[in-house]
Amino acid sequence: MNYTFQFGVALAQLPELLKGAIVTFELGLLTFGGGALIGLLGAALKTFGGPVLRGIANAYVIFFTNTPGLIQIYFLYFGLPEFGIRWDNFTCVLLGLTLNAGGYLTEIMRAGFISVHKTEMEAAETIGMSLLQQIRFIIVPHIAKTIYPALANFFIVVLVMGTSIGAVVGVDELTGTAINISTENYRWIEMFVVVAGIYVVVTFIASLSLALFGRWAFRIKAKVF
Amino acid sequence: MDRIIQQLPRFFSPGNISLLLDAAGTTLALTFIGCVSGFLLAFLIVFLRQTPGIWALPLRLLGIAYVEIFRRIPFLVVTYLVLFFIQTFQSDASLFTIAVVAICIYATAYTAEIIRGGFESVARQQIEAATAMNFTRWQTLSGVIIPQSWPVILPPAVAFAVGFVKDTALVSQVGVFELTFRGKELNNGGFSGILVFGTIALIYFGISYPLSRFGRWLESRLASSRSEKPRKRLRTA
């Protein structure tokens with residue numbers, strides 16, 4: 001029990017760490033955006049596609065949600081070079097995380113697709129709504145109400161659980177930067193306490209703004225806590 | 001491609017297969033011990049968080065702070081923190097123990113939210129009735145809240161544990177001999193990455209898919225038993 005904490009050393013690295021935090025945020029946004037596109041496509045295939053397309057979407061979701069994201073990234077990073085496909089680590093992490101997130105987002109989006117009932121659309125037509133009005137007053141509010149909280153929650157999961165996996169193959173995001181610096185100055189505990197603090201602050205800001213946006217745009221009472 | 005076919009017999013040697021099965025066992029053990037102990041600790045956290053009275057404010061804040069902080073830190077960072085904290089003060093702790101502690105800390109934070117949601121699904125009037133009948137807090141919990149809320153708690157808690165089988169891949173970073181670690185070892189030993197990580201992915205899939213089906217089955221079973229009750233009540237009324 002003769003360890004002296006020296007947080008000054010760790011705090012001095014704050015600028016470097018914040019640079020890493022920006023990479024983390026970028027990675028999170030890109031992953032979520034790409035995953036959302038895949039999710040939209042997958043959900044459309046699962047809801048409106050024929051048996052073959054539905055089968056493909058199902059197989060994709062089942063496979064990618066039942067294997068670790070880390071293994072998917074390893075596969076891209078250590079496996080694909082054997083076929084002459086050589087991407088840098090950021091691309092591999094981004095692609096792996098996006099494919100992984102796409103599987104989960106397909107399921108979330110599908111719940112939104114189902115929530116719009118055919119009878120409601122028919123009722124809207126009966127009272128003479130145009131297509132734009134139908135989208136504005138029926139489709140968007142329904143889908144948003146069902147999936148917005150899940151989407152906001154999943155964004156935080158991607159931001160936290162997802163992006164830190166990048167550190168394993170050497171992407172200089174927040175965790176990766178902390179590992180790099182700690183191997184030089186040996187202040188592992190202090191560095192990681194500071195990093196944990198940054199993660200808490202960043203995700204708290206993110207979920208607060210998502211909750212406020214949801215309240216403003218879709219009148220959803222999303223929880224911050 | 002030729003390289004992969006060439007390596008196939010050597011890769012699926014009895015030694016490698018038993019190595020991987022052993023590693024899969026470690027992965028399962030990590031998840032199981034970590035999540036079950038996390039589940040039990042989460043009850044304590046929720047109990048703290050719902051202690052009434054002004055004197056218990058620090059306890060409530062502690063419960064909230066624990067959940068809010070650890071749900072927002074990546075598992076990898078928690079693992080590193082646990083590793084270096086424990087190794088600083090107890091340098092002979094095994095890596096398996098360290099990984100289990102990290103998983104437990106993480107699982108506690110997540111399942112505490114699940115348990116709290118379940119507890120809050122019990123109608124308020126019932127708790128007030130219990131208080132009126134002079135039940136102690138423990139009696140209310142064990143006699144009123146838990147019997148009604150476990151069908152709400154159990155499915156997401158199982159889903160969390162099943163999902164965590166995959167996240168334990170990250171503890172390979174600190175050198176626990178689990179599935180991902182062995183995979184990297186074999187890959188470094190010269191086996192093709194596609195072959196190794198393809199196999200590892202299939203093993204994870206073989207563990208995770210049946211368990212997630214079980215989770216879904218549990219959910220539908222408990223959900224149907226819950227939704228039947230109101231209908232019966234309607235008929236008698």
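Student: What percentage of the 237 residues in chain B is made up of buried residues?

Tutor: This is a predicted model, in which local features need pLDDT of at least 70 and side-chain atom pairs count only at pLDDT 80 or more, while totals for chains, interfaces and linings use all residues. Residues are numbered from 1 along each chain as its sequence is written, with chains lettered from A and ligands numbered from 1 in the order of writing. A residue is buried if 20 or more other C-beta atoms, placed from the backbone, lie within 10 Å of its own, exposed if 12 or fewer do, and partly exposed in between. For the 237 residues in chain B, the buried share is 38%.

Student: How many helices and strands are there in chain B, and is the chain spread out or compact by the globule rule?

Tutor: Helices (H or I, at least four residues) and strands (E, at least two) are DSSP runs numbered from the N terminus, and chain B has nine helices and zero strands.

Student: Which element of chain B gives the most residues to the side that touches chain A?

Tutor: Residues are in contact if their C-beta atoms, placed from the backbone, lie within 7 Å, and 33 residues of chain B are in contact with 30 residues of chain A. The elements of chain B that give two or more residues to this side are α3 (57-70), α4 (75-89), α8 (179-188) and α9 (193-236). By class, the side has 20 nonpolar, nine polar and four charged residues (Ala, Val, Leu, Ile, Met, Phe, Trp, Tyr, Cys and Pro count as nonpolar, Asp, Glu, Lys and Arg as charged, and the others, Gly among them, as polar). With eleven residues, the element that gives the most is α9(B).

Student: Are α8(A) and α9(A) roughly parallel or roughly antiparallel to each other?

Tutor: The axes of α8 (174-185) and α9 (188-218) of chain A come within 10 Å and cross at roughly 165°; axes are lines fitted to C-alpha atoms, for helices over the stretch in contact, with angles from 0 to 180 degrees between N-to-C directions. The contact includes A:Ile181 of α8(A) and A:Phe192 of α9(A), and by class it has nine nonpolar, two polar and no charged residues. Angles under 35 degrees count as roughly parallel, over 145 as roughly antiparallel, 65 to 115 as roughly perpendicular and the rest as oblique. The two helices are therefore roughly antiparallel.

Student: Is A:Tyr186 buried or exposed?

Tutor: A:Tyr186 is placed in the loop between α8 and α9 of chain A. Its phi is positive, about 60°, although it is not a glycine. With 12 other C-beta atoms within 10 Å, A:Tyr186 is exposed.

Student: How many of the nine residues of helix α6 (residues 118-126) of chain A are buried?

Tutor: In chain A as a whole, 40% of the 225 residues count as buried. Helix α6(A) is followed by A:Gly128, whose phi is positive, near 80°. The helix itself lies largely in the open, because the number of its nine residues that are buried is zero.

Note on methods: Two residues are in contact if their C-beta atoms, placed from the backbone, lie within 7 Å.
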